[in-house]
Amino acid sequence: MAFHAEGLVAIVVFYLAILAVGIWAAWKTKNTGSEGDRSEAIIVGGRDIGLLVGGFTMTATWVGGGYINGTAEAVYVPGYGLAWAQAPIGYSLSLVLGGLFFAKPMRSKGYVTMLDPFQQLYGKRMGGLLFIPALMGEMFWAAAIFSALGATISVIIDINVNISVIISALIATMYTLVGGLYSVAYTDVVQLFCIFLGLWISVPFAMSHPAVTDIGLTAVHQVHQAPWLGSINSLDIYTWLDNFLLLTLGGIPWQAYFQRVLSSSSATYAQVLSFLAAFGCLVMALPAVLIGAIGASTAWNETEYGVPDPMTKKEADMILPIVLQYLCPVYISFFGLGAVSAAVMSSADSSILSASSMFARNIYQLSFRQNASDREIVWVMRITVFLFGASATAMALLASSVYGLWYLSSDLVYIIIFPQLLCVLFIKGTNTYGAIAGYLFGLVLRITGGEPYLYLQPLIYYPGCYPDENNIYIQRFPFKTLAMLTSFFTNIIVSYLAKYLFESGTLPPKLDFLDAVVARYSREHMDKATLVKSDNIVLNELAPVNPRHSLTLSSTFTNKEAFNYVDSSPELSNTEDD
């Protein structure tokens with residue numbers, strides 16, 4: 001395939017435009033945040049992200065390269081089809097559930113990152129443990145989509161994969177470095193527009209290619225391959241349900257999602273953003289589904305691609321750029337490529353910012369440098385943005401194992417963080433002992449279930465497992481959901497057992513080495529009584545919450561405006577109103 005100078009120019013122009021928007025957003029908001037609150041402005045955008053920009057950035061975070069390419073691939077692969085393209089429905093339901101049940105309690109309490117409630121209730125040690133799967137999920141996700149982008153660009157304009165990965169990562173890291181959430185949010189608006197326009201422009205050209213059979217016919221009849229609507233065999237129902245629950249429930253506890261929730265101007269806005277993004281995810285999946293269907297309806301021997309078809313060449317994961325390259329005019333394929341690169345960058349920048357935000361606040365500030373100045377936290381964030389971006393790029397260049405590692409880490413988010421989030425927000429009485437026990441049980445059950453992408457054999461063979469072509473056993477039993485439920489109930493049972501043993505005197509107070517039951521108001525709990533145990537505190541969800549970070553742990557987690565709201569008498573309120 002010849003080198004396409006026009007395609008390279010188009011990509012360079014697009015990347016420069018995105019970089020310009022990111023730098024403009026950073027310049028426009030450089031004075032946002034009062035003195036001492038600049039780090040919060042970088043993490044949650046000063047909590048003044050509106051509905052329009054917020055809806056775009058939350059949608060763009062989910063509609064990434066993996067979402068677009070993966071949906072097209074699932075529809076195209078014979079034997080799977082649309083029935084197995086779970087991401088659009090799964091992630092949309094995830095956003096709906098997040099908006100209904102999680103957005104309001106998280107935003108109304110004025111948290112800054114997803115890990116804040118864990119450190120508030122369970123202590124800094126547990127927060128550090130939960131940071132590990134959260135970091136792994138963000139980093140391997142960013143690496144996987146950088147890898148997908150490099151392969152996509154190399155298909156269409158035939159440049160070195162490594163060069164395209166490095167340049168893409170540099171652009172995304174650069175504007176995230178200078179502008180934080182503001183740059184990410186404003187570039188997401190541009191990127192989402194490019195994704196929508198680029199893919200929808202490509203669809204009619206690809207569909208009208210003479211080698212493409214009517215997709216309505218190939219949806220239910222076998223022409224070039226099995227119908228692209230797909231089907232679910234009775235033996236695979238539990239696997240399908242396990243994966244669907246992983247996407248739906250496991251899509252909630254991600255810092256990239258809660259960063260948008262916590263950046264909203266109110267708890268109600270946070271809920272509305274989630275619902276808007278759910279609708280946006282469905283709409284943005286439609287062109288990817290159509291492109292997958294077009295790939296399944298194409299006689300590839302009648303195109304320049306030739307024989308064998310992409311499935312036989314093991315290029316099914318690249319069906320979207322292949323359709324753009326061989327079924328669309330050159331200028332359209334370049335425009336579509338810009339759409340795919342936009343999709344990748346809109347997710348990668350969010351993951352890098354999310355990882356650096358959690359590290360700077362929950363690990364560096366709250367665990368090691370509780371009196372760190374705001375300027376110091378800002379610099380830690382900038383350094384970690386660069387380091388995490390470089391790490392994701394390095395992993396993307398080792399693409400053979402990135403996807404397997406991402407699958408495993410995303411499973412850990414579902415199995416470990418989701419049940420912990422349920423307990424910390426909705427189950428009263430859980431403590432650090434239960435959290436650690438649930439963490440370990442979930443981790444052990446997941447790892448012993450094996451992972452085919454990493455060629456990891458299972459240690460526990462659940463009913464229905466079978467060997468694949470590499471003699472690695474595949475589990476049909478929904479063991480991931482089993483591990484999640486085990487983690488959830490273990491947390492509750494061990495928490496209440498520890499509480500009973502200490503409060504009944506069966507165990508002496510000196511054995512409460514985590515200060516989780518006896519010393520319940522210790523500094524290890526970061527003054528958890530402030531927001532968790534005081535029933536007389538009423539939180540006003542419409543009030544903007546701006547907690548300061550640089551004094552003490554108590555002031556970090558104390559919503560002073562909530563106190564003002566409760567303590568102010570009617571007379572004072574009327575006086576202020578007058």
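## A tour of the helices and loops

Helix H5 crosses helix H10 in a right-handed manner (right-handed means that the near helix is turned clockwise from the far one by less than a right angle, left-handed anticlockwise). Before you go on, note that this is a predicted model, where local features need pLDDT of at least 70 and side-chain atom pairs pLDDT 80 or more, while totals for chains, interfaces and linings use all residues. Numbering starts from 1 along each chain as its sequence is written, and side-chain values use heavy atoms, leaving out hydrogens and water.

**Stop 1: the helix pair.** Select residues 87-108 for H5 and 237-250 for H10; the two pack at an angle of about 35°, with axes 7 Å apart. The axes are lines fitted to C-alpha atoms over the stretch in contact, and angles run from 0 to 180 degrees between N-to-C directions. Now show the side that H5 brings to the contact: Ala 87, Ile 89, Gly 90, Tyr 91, Leu 93, Ser 94 and Leu 97. H10 answers with Phe 244, Leu 247, Thr 248 and Leu 249. Contact here means heavy atoms within 4.5 Å. Of these residues, eight are nonpolar, three polar and none charged (Ala, Val, Leu, Ile, Met, Phe, Trp, Tyr, Cys and Pro count as nonpolar, Asp, Glu, Lys and Arg as charged, and the others, Gly among them, as polar).

**Stop 2: Ser 350.** Next, pick Ser 350 in helix H14, residues 330-368. Is Ser 350 buried or exposed? Ser 350 counts as buried because its relative accessibility is 1% (buried is under 20% relative accessible area, exposed over 50%, partly exposed in between, with a 1.4 Å probe and protein chains only). Its side chain makes a polar contact of 2.8 Å with the side chain of Arg 260; such a contact is a pair of N or O atoms within 3.5 Å, and within protein one must be able to donate a hydrogen and the other to accept it, with residues adjacent in sequence counting only if both atoms are side-chain atoms. Leaving aside residues up to four places away in sequence, Ser 350 also touches others, including Thr 61, Val 184 and Asp 188.

**Stop 3: the loop between H12 and H13.** Move to Pro 308, in the loop between helix H12 (267-296) and helix H13 (319-327). The peptide bond from Val 307 to Pro 308 is cis, with omega near -5°. In the loop between H12 and H13 you will also find Lys 314, which is not a glycine but has a positive phi of about 60°. Lys 314 counts as exposed, at 74% relative accessibility.

Definitions and conventions
Helices (H or I, at least four residues) and strands (E, at least two) are DSSP runs, numbered from the N terminus.
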